[in-house]
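Have the model open as you read.

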Amino acid sequence: MMSQKELEKLAYEYQVLQAQAQLLAQNLELLNLARAEVLTVKETLENLKKVEEERPEILVPIGAGSFLKGVIVDKNNAIVSVGSGYAVEKNIDDAIAFLEERIREYDEAIRKTQEALAELEKKVGEVAKKAQDLQRKQAMSFSVKK
């Protein structure tokens with residue numbers, strides 16, 4: 001029966017779109033986490049600029065919620081990751097500007113991912129509606145014979 005084949009095709013298309021949407025949603029979550037991390041670093045550097053002590057004391061995380069006391073020996077420069085496993089030393093203002101640019105890049109990637117996800121969800125809805133319409137037509141074509 002032709003409409004059964006169509007229904008199977010729509011079910012497959014629906015599953016593919018759902019899988020793509022799930023991947024995009026996961027990607028969106030990762031982008032938001034990465035953005036939040038960069039924002040935290042930027043805020044930390046901004047707060048460091050306000051510290052008057054020349055060698056402020058800090059807590060250094062060593063894992064499992066444990067810390068060591070440490071001292072910042074150079075509060076005017078920071079080493080920031082520039083990607084692909086590379087890091088460079090920048091003065092605090094340049095580091096903050098660099099991080100702000102990274103945040104803008106994340107914002108753009110997040111916006112594009114949200115748009116793509118909304119488009120996919122729209123397609124999922126359209127496929128689901130087609131399948132429902134097809135099922136309704138099939139149900140109506142089965143009439144009781146006397």
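A salt bridge here is a side-chain nitrogen of Lys or Arg within 4 Å of a carboxyl oxygen of Asp or Glu. With that in hand, look at this group: Glu108, Arg111, Lys112 and Glu115 are tied together in a network of salt bridges. Keep in mind that this is a predicted model. In total, the structure holds 10 salt bridges.

Glu108 pairs with Lys112, and their closest N and O atoms are 3.9 Å apart, which counts as a salt bridge because the cut-off is 4 Å. Both residues sit in helix H2, 4 residues apart, so about one helical turn separates them. Glu108 itself is partly exposed, at 33% relative accessible area.

Helix H2 has another pair of this kind. Arg104 and Glu101 meet through their side chains in a salt bridge, at 2.9 Å from N to O. They are 3 residues apart in helix H2, so once again the spacing is about one helical turn. Arg104 comes out as partly exposed at 48% relative accessibility, and Glu101 is partly exposed too, at 35%.

Now for a pair that reaches across the chain. Which residue does the side chain of Asp107 meet in a salt bridge? The partner is Arg35, with an N to O distance of 2.5 Å.

Key: Residues are numbered from 1 along each chain as its sequence is written. This is a predicted model: local features need pLDDT of at least 70, side-chain atom pairs count only at pLDDT 80 or more; totals for chains, interfaces and linings use all residues. Side-chain values use heavy atoms; hydrogens and water are left out. Helices (H or I, at least four residues) and strands (E, at least two) are DSSP runs, numbered from the N terminus. Buried means under 20% relative accessible area, exposed over 50%, partly exposed in between (1.4 Å probe, protein chains only).
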